[in-house]
Amino acid sequence: MLAMVVILFLSILLAVSLGAADITMADAFGVLVKPLPIVGRWVNASYDEVYYSIVWGIRLPRILLAAIVGMGLAAAGTAFQGMLRNPMADPYVLGVSSGASFGATISIVLGIGSGFMGLAGSTTAAFIGAVLTMAAVYTLGRAGRKSSMVTLLLAGIAVSSFLSAMVSFMMILNHDKLESIVLWTMGSFAMASWTSLYISFPIIMFGSIVLWFMSKEMNALLMGDETALHLGVDVNKVRRLLLAVGSLITASAVSVSGIIGFVGLIIPHVVRLFTGPDHRRLLPAAAVSGAIFMIISDTLARTAMAPIEIPVGIITSLVGGPFFLYLLVRNRNAAYRG
Amino acid sequence: MEARDLSCAYDQTAIIEHLNLAIERNNMVGILGPNGSGKTTLLRHISAALKPRSGVVLLNGVDVFTMRRRMLARKMAYVPQNTAADFEFSAMDVVMMGRIPYMKGFQSESRADMVAVEQAMDMTGTWQLRDRSITELSGGELQRVMIARALAQQPEVLMLDEPTAHLDLQFQMEILDLLRQLVDHHGLTVIVVLHDINLAVQFCDKVVFMQSGSIIADGCPQDVITEQLISDVYNVSVSIWHDEATGSICIAPVRQPSSKTSACIKRIG
């Protein structure tokens, strides 16, 4: 775990130094540390003002946003897979992603440029769309005779495809906005700012800690509902709480970055191959891995074909897919289980 | 432990109606009856997994539905018929889950938790399996690990739903021997759903026969079980005799020639 945190900091440092303007890793470190209280005094070198604005103004918020989004998606994905005992579950099971793109699409079509507390209009609209969808799916899923997980998942799928159809419909009606809508859905950190970080960081961080806090209950749920119940876990209450927290994390991640696939589905599987299914170890490991993976993917996204930026969602699947298959084949003998 | 005037229903269909049952401390009680007679439903209700439509379930005189789940899990443990074993937990991890009712939030295992787990694994003979993944265990081994998990809860009452299903004769005897020891040497009360009447007779202090959601008979096996009762409950004829080797009564079903087979026999004759 400690090693992973070190790798996280190293990848932040590496990502800060890479980009259009050439900054060495040592300089990047100096620029990062100097303005900090206490430790800043140890750095004696002085740096060009431009370095500060590149590192602190442009690169760092983007890198930190990638890290927190990667962390949130991986943590929510892990929790959903464990809680639903379903290896195919990802953070978007409750239709949060299509709700977000529906919201974002409306704001793009209507040309709402600015939103709540200095956030972009699309971010605010996406967050509202995601939370409303989550609430709707939740209510619909409970409307049936019994509040079963299957009903909830089906409600998620139904609402999801309905909203996707609405988004496609709006795209057809607004040809001129087509490109911005498509780019938003593909996911990117190009719009990152300190403001988006101030909003998403507390929600995702706090939410992930709540999920981690429920690790023992999630472990019990893996053994079946009946067993969990007799271990004193209030199965329905715990599941509802986990779903709500996980979806809230996902909503804030999606609203600041668009829909980035793969991370929330595959990172938990990859990490589980190494840590085993115990959420007390799995969840923090997956969260940090998600952050590292997202930083690397985003760095590739902005540098690989510079000055053209590749949507980060493409990178995550392009790089992550084959890597995961490699791990699967390598671990074949270790009896892979969902 | 006591159930008073218990009525239970899934949705609108009544499964159990006006049932009364008292179970004395430190007894091993077998619940028997044909498929669909409400055995599992009864067990689920007296273990407070499901809320009855009416009636109360008392544990040491306290209504179990007023107790907090965590507190109840320290008094009562339950081994369900099927446990998911799809995830690669070690046997020790699973038994440690029995300590969940005693742990809070991020709190890690205490010395007391470790001792309870070691004891539970020792009693069930699963200590040597501690590092094995539960996905690799045989049916009998897995069942013993699940019982160890329940014992790690340090309960007063242990309930098991057909713990011997899908096990061969040797494992069936092992499991029932283990349950008997828990009652005799560790002061537990065991309530177990069984299918095999002969095994129930040998191991249980008390048997409860269920049919269509009601208790038809309950009491000491030797007194309760008659050819008439079995034929009433299961709708098959049986022969019952006292067996020297087991020291208890034995039951064997007697085949009734059906009309088709008797016609056949007549023709051949």
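Here is a short tour of the sheet, its helices and the interface.

This is a predicted model, in which local features need pLDDT of at least 70 and side-chain atom pairs count only at pLDDT 80 or more, while totals for chains, interfaces and linings use all residues. Residues are numbered from 1 along each chain as its sequence is written, and chains are lettered from A and ligands numbered from 1 in the order in which they are written.

Start in chain B, where six strands make an open, mixed sheet in the order β6-β7-β8-β3-β9-β10. Helices (H or I, at least four residues) and strands (E, at least two) are DSSP runs numbered from the N terminus, and two strands pair if DSSP finds at least two bridges between them. The edges belong to β6 (76-79) and β10 (214-219) of chain B; each has a single partner strand, so one side of each lacks a neighbour in the sheet. From one strand to the next, the twist averages 15° (axes are lines fitted to C-alpha atoms, for helices over the stretch in contact, and angles run from 0 to 180 degrees between N-to-C directions).

Within this sheet, β7 (residues 157-161) and β8 (residues 189-193) of chain B pair in the parallel sense over five bridges, and L160(B) stands opposite V192(B) in β8(B). Helix α5 (residues 139-152) of chain B packs on the sheet, touching β6 and β7 of chain B, with its direction at about 165° to that of β6(B). Contact means that C-beta atoms, placed from the backbone, lie within 7 Å. Helix α9 (residues 227-234) of chain B lies across β9 (206-211) and β10 of chain B, at about 155° to β10(B).

Finally, 22 residues of chain A are in contact with 23 residues of chain B. On the chain A side, α9 (215-222) and α10 (225-230) each supply at least two residues.

Methods. Two residues are in contact if their C-beta atoms, placed from the backbone, lie within 7 Å.
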